[in-house]
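Have the structure open as you read.

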Amino acid sequence: MSVPESEIARRIAEYRRIIPEGVALVAVSKFQPVEAVKAAWDAGQLRFGESRVQELLYKIPLLPADIEWHFIGHLQTNKVRQLIGKTALIESVDSERLLRIIDEESAKAGIVTDVLLQVHVAQEETKFGFSREELLLLAKEGDLKTLENVCIRGIMAMASNTDDETRVRRDFAEAASIFREVRNCPAIESRKFDILSMGMSGDWEIAVEEGATSVRIGSAIFGAR
Ligand SMILES: *Cc1c(COP(=O)(O)O)cnc(C)c1O
């Protein structure tokens, strides 16, 4: 393990101290061993983020049952069934087709799955997510109300991977603006649409300044992957 367990515990405590009240911390444990997750859990951390279905399914039975797992990676539609019922939140719903499949599989399982819609605001084309236009079209004209087995809780975004702070801030501001606009759409239950997930190890402070209600921090807690 790259970071000793005592240091993981210290970092969890430090983030709980410096992250403002009302902003949730998701500890991103992808590619980290279960011992590292356990060390963070021992320090009181309950929310963890994973980006691969197989890895998540492997870790779940080895770790405490009260962990709230957030799925944050690109989700292939053929993996949805395995994931349903295992997550507190699927943060990375990046297409309408994926949203519909999550709804169908959740209906079959008799549950409602909480999800975020991922919006693409970064300059890299490689990143997944809805464009602003696509998302607003879906929220305004899509038949979201017919999707009874998903609860759209908010938006997830990633900023451009750059040292240019102005660009990063602009990306987060754009995501926050989309968040507010979608929240005002009649098809969205605004009471429950309350999560704006943005910010990682290198840029979470800017994300919080721009309105994030949840940050996803991995390497700054667990070390390099
Ligand atoms: C890996 C990952 C993170 C965490 O990134 P760090 O730079 O390690 O904090 C956050 N969000 C998503 C979507 C990720 O894939």
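## The largest pocket

The largest pocket holds about 660 Å³ of space. Lining it are 28 residues, and K30, K127, M158, M200 and R216 are the closest to its centre. Two elements, β6 (150-158) and α7 (165-183), each give two or more residues to that lining. By type, the lining splits into nine nonpolar, twelve polar and seven charged residues.

A few ground rules: this is a predicted model, where local features need pLDDT of at least 70 and side-chain atom pairs pLDDT 80 or more, while totals for chains, interfaces and linings use all residues. Numbering runs from 1 along each chain as its sequence is written, and side-chain values use heavy atoms, with hydrogens and water left out.

A pocket here is an open set of points on a 1 Å grid over the protein atoms alone, where a 1.4 Å probe fits, with protein on both sides within 12 Å along at least five of seven lines; lining residues have an atom within 4 Å of a point. Volume is the space filled by probe spheres set on the points, which are joined across faces, edges and corners. Ala, Val, Leu, Ile, Met, Phe, Trp, Tyr, Cys and Pro count as nonpolar, Asp, Glu, Lys and Arg as charged, and the others, Gly among them, as polar.

## The second largest pocket

Next comes a pocket of about 280 Å³. Its lining includes L144, K145, L147, E148, V150, C151 and I152, along with P186, A187, I188, E189 and K192.

## Aromatic pairs

The model has three aromatic pairs (ring centres within 6.5 Å; planes under 30 degrees apart are stacked, over 60 edge-to-face, the rest tilted; Trp counts by its six-membered ring). F48 and W69 make a tilted one, at 6.0 Å centre to centre and 45 degrees between the planes. F48 sits in strand β2 (residues 47-50) and W69 in strand β3 (residues 68-71), 21 residues apart. Both F48 and W69 are buried (under 20% relative accessible area with a 1.4 Å probe, protein chains only; exposed is over 50%, partly exposed in between).

F179 and F193 are stacked, because their ring centres are 5.1 Å apart and their planes at 20 degrees. F179 belongs to helix α7 and F193 to the loop between α7 and β7 (195-198), so this pair ties together parts 14 residues apart in sequence. F179 and F193 are both buried.

## A loop residue with positive phi

F31 lies in the loop between β1 (24-28) and α2 (34-42) (helices are DSSP runs of H or I, at least four residues, and strands of E, at least two, numbered from the N terminus). Its phi is near 65 degrees, a positive value in a residue other than glycine. With 45% relative accessibility, F31 counts as partly exposed.
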